[in-house]
Amino acid sequence: MITDPKSVTIVTHADAPEGVADDHVLAAVLNDHEVNHRFAVWSDRTIDWSATNVTIVRSSWDYHLDISGWLTWIDQVETKTQLINSAALLRWNGAKTYLLQLADTGIDVVPTQKVDGSTGLGDLCDSQGWEDVVVKPTVGASSFGVKRFSGDEIAKQGVRHASALAGRGDVIVQPFQAILESEQERSLVYITGRFGHAFQKPSFHSDVSMEALTSHVPSSAELALAEATLAALPEPPVFARIDMIPGSSSPLLMEVELIEPELALHMSQNTAMQLAEVLSSFVASSP
């Protein structure tokens with residue numbers, strides 16, 4: 001039952017039930033648009049998700065620790081409210097194997113291979129000529145389960161790590177990008193396909209503070225990669241963060257963040273306003 005048709009639910013996680021800094025910026029701008037809000041922890045079974053017409057997933061930062069519960073939550077909630085981003089995009093973006101799909105469409109992605117029973121880590125790296133790699137689970141957030149191995153480590157510690165990760169799900173491997181030792185990742189933020197702002201952040205991190213983020217002016221090549229990536233997605237997202245790094249001749253896509261990315265809304269009032277305006281329009285059009 002809809003109890004507040006002019007309100008938006010902002011989805012959070014158990015360690016930050018009242019949201020994180022990004023959420024607070026969004027909430028304040030929603031207030032400016034005379035749209036109410038409430039914070040709700042995605043894993044809280046007492047929440048009535050039908051209480052608002054619009055529900056935006058913003059800081060569900062622990063979903064990867066209970067992926068089956070997360071997918072069940074999506075299935076249940078999509079029938080009760082308008083999920084943003086959509087349930088289809090939340091499912092698609094939940095496993096990093098989407099990088100393989102994007103590469104197949106012609107997007108310049110950091111080389112990515114799936115490690116499975118038929119292709120062990122050592123054999124795969126030998127076939128690709130990779131001597132310095134990053135191994136990570138396909139389902140994860142920040143640097144959860146991400147480790148780097150080089151040389152003889154690949155066939156020993158690397159194989160053990162990949163096997164341990166495989167007990168939870170699929171595993172991917174990428175050659176380590178040496179440029180990250182001198183350059184930072186670039187993150188381009190889009191709202192309904194419109195560029196909002198961009199920032200830089202340290203790579204290979206577990207927890208990046210707001211102070212570690214710096215503003216970035218994207219190049220034309222970076223904008224082109226982000227826009228091509230958006231066009232290749234299964235459907236247009238309401239919000240997206242496109243992460244990339246400089247390549248030898250052109251930027252390379254690192255990740256597409258459609259579930260719970262840090263958008264650094266404190267860096268751009270314009271981007272925050274764009275997102276609030278979109279949410280306000282959804283609220284206004286709700287029955």
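The model is predicted: local features need pLDDT of at least 70, side-chain atom pairs count only at pLDDT 80 or more, and totals for chains, interfaces and linings use all residues. Numbering runs from 1 along each chain as its sequence is written, and side-chain values use heavy atoms, with hydrogens and water left out.

Select residues 21-32. This is helix H1, with twelve residues. Helices (H or I, at least four residues) and strands (E, at least two) are DSSP runs, numbered from the N terminus. From first C-alpha to last, H1 reaches 17 Å, close to the 16 Å expected at 1.5 Å a residue; that expectation is 1.5 Å times one less than the number of residues.

Now colour Asp22, Asp23, Leu26, Ala27, Val29 and Leu30, the buried residues of H1 (under 20% relative accessible area, 1.4 Å probe, protein chains only). Look down the axis: these residues fall within an arc of 170°, so they line one face of the helix. The arc uses directions from the helix axis to the C-beta atoms.

Show strands E1 (7-12), E2 (36-41) and E3 (54-57), plus helix H8 (269-285); the buried residues of H1 pack against them. Step just past H1 to Glu34, which takes a positive phi of about 60°.

Next, the largest nonpolar core, with 26 residues. Such a core is a set of buried Ala, Val, Leu, Ile, Met, Phe, Trp, Tyr and Cys residues joined through side-chain atoms within 4.5 Å. Its largest share, six residues, comes from H8. Centre on Leu279. Its contacts (heavy atoms within 4.5 Å) include Val8, Leu26 and Ile84, not counting residues up to four places away in sequence.

Last stop: a second, separate core of 20 residues, including Leu89, Trp92, Val109 and Leu258.

Key
Buried < 20%, exposed > 50% of the residue type's maximum accessible area, 1.4 Å probe, protein only.
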